[in-house]
Amino acid sequence: MTRYDHSLPPSYFDERYAADPDPWQFETSDYERAKYAATLDALPRARYATALEVGCSIGVLTEALARRCDALASLDLAERALARARDRCRDLSHVRFELAQVPGQWPDGTFDLILLSEVVYYLDADDVARLVDRVRGCLRPGGDVVLVHWTGDTHYPLTGDEAAELFIAGAGDQLLVHDRIRSDKYRLDVLVDRERLS
């Protein structure tokens, strides 16, 4: 399988959502359901004042995460996906959606939780470094960052392990690994602000 050598462009995702409104089976997959439950269980706090979800897709995890947040900003780079996410979360007035291609585009504000679920491996190493800078610049003191990535073979620029390890290494002077969960199909890394552990 030939891997992409640069960050995947919006057209990659636009084509997939044009062909299938749920191309990764977020609504129906047992894998996704179990992974979402593990992600929510791994959050270090019961509730967050402000959270950022990067790569919300059609909003399945967004809807569940919103129950744990006073305010939630959710990003995606595919308008078709965002339209479905907005519809799914239409009754959740504390959730806002933005069309953005990270790391070049980023929302305003600061956050005490940043969730990067199945997204970092779509970036190349240079963009992961820029993503780390973005996260560091808007994470509130004492905040949490959660990374979740499938660990199987892909044609993405990075594997799930490469993506997670690059991010963790880049953020290591500010964030420490607080918890790590590994299943046979994905890894989940919970990072916390060093100040919180000192």
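**Figure 1. Q25 sits in the loop between α1 and α2 (30–42).** The model shown here and in the other views is predicted. Phi of Q25 is near 55 degrees, which is a positive value for a residue that is not glycine. Is Q25 buried, partly exposed or exposed? With a relative accessibility of 36%, Q25 counts as partly exposed.

**Figure 2. S57 is found in the loop between β1 (48–54) and α3.** S57 is not a glycine, yet its phi is positive, at about 55 degrees. The relative accessibility of S57 is 6%, so this residue counts as buried, the limit for that class being under 20%.

**Figure 3. Seven strands make up an open sheet of mixed pairing.** The strand order is β3-β2-β1-β4-β5-β7-β6. Which strands stand at the edges? They are β3 (95–99) and β6 (175–182); each has a single partner strand, so one side of each is left without a neighbour in the sheet. From one strand to the next, the twist averages 15 degrees. Strands of a sheet pair through backbone hydrogen bonds, and the pairing may be parallel or antiparallel.

**Figure 4. Strands β1 and β2 run parallel and are joined by six bridges.** Within this pair, T50 stands opposite A71 in β2. Six of the seven residues of β1 are buried, so β1 is largely enclosed by the rest of the structure.

**Figure 5. Strands β4 (residues 111–117) and β5 (residues 139–150) run parallel.** Six bridges join β4 to β5. L116 has L147 in β5 opposite to it. Helix α4 (residues 79–88) packs on the sheet, where α4 touches β2 (69–76) and β3. The direction of α4 makes about 170 degrees with that of β3. Helix α6 (residues 160–170) also packs on the sheet, touching β4, β5, β6 and β7 (186–193). Between the direction of α6 and that of β7 the angle is about 10 degrees.

**Figure 6. Helix α5 (residues 125–138) crosses α6 at roughly 50 degrees.** The axes of α5 and α6 come within 9 Å. The two helices are therefore oblique to each other, and their crossing is right-handed. On the α5 side, the contact is made by A125, V128, L131, V132, V135 and R136. On the α6 side, L166, F167 and G170 take part. How many residues of this contact are nonpolar, polar and charged? The contact of α5 with α6 has seven nonpolar residues, one polar and one charged.

**Figure 7. Helices α1 and α4 pack with their axes 8 Å apart.** The angle between α1 and α4 is about 55 degrees, and the two helices are therefore oblique to each other. Residues D14, Y17 and A18 of α1 meet E79, R80 and A81 of α4. By class, the contact of α1 with α4 is made up of three nonpolar and three charged residues, with no polar residue.

**Figure 8. S11 is a residue of helix α1 (residues 10–19).** The relative accessible area of S11 is 37%, and S11 is partly exposed. S11 and A78 are 67 residues apart along the chain, and their C-alpha atoms are separated by 8.3 Å.

**Figure 9. T62 is part of helix α3 (residues 60–65).** Is T62 buried or exposed? T62 is buried, and its relative accessible area is 0%. Which residues does T62 contact, leaving aside its neighbours within four places in sequence? The contacts of T62 beyond those neighbours are E53, C56, L72, S74, C89, V95 and F97.

**Figure 10. The peptide bond from V102 to P103 is cis.** Omega of this bond is near 5 degrees. P103 belongs to the loop between β3 and β4.

Key
Residues are numbered from 1 along each chain as its sequence is written. This is a predicted model: local features need pLDDT of at least 70, side-chain atom pairs count only at pLDDT 80 or more; totals for chains, interfaces and linings use all residues. Side-chain values use heavy atoms; hydrogens and water are left out. Two strands pair if DSSP finds at least two bridges between them. Helices (H or I, at least four residues) and strands (E, at least two) are DSSP runs, numbered from the N terminus. Axes are lines fitted to C-alpha atoms, for helices over the stretch in contact, and angles run from 0 to 180 degrees between N-to-C directions. Contact means heavy atoms within 4.5 Å. Angles under 35 degrees count as roughly parallel, over 145 as roughly antiparallel, 65 to 115 as roughly perpendicular and the rest as oblique. A crossing is left-handed if the near helix is turned anticlockwise from the far one by less than a right angle, and right-handed if clockwise. Ala, Val, Leu, Ile, Met, Phe, Trp, Tyr, Cys and Pro count as nonpolar, Asp, Glu, Lys and Arg as charged, and the others, Gly among them, as polar. Buried means under 20% relative accessible area, exposed over 50%, partly exposed in between (1.4 Å probe, protein chains only).
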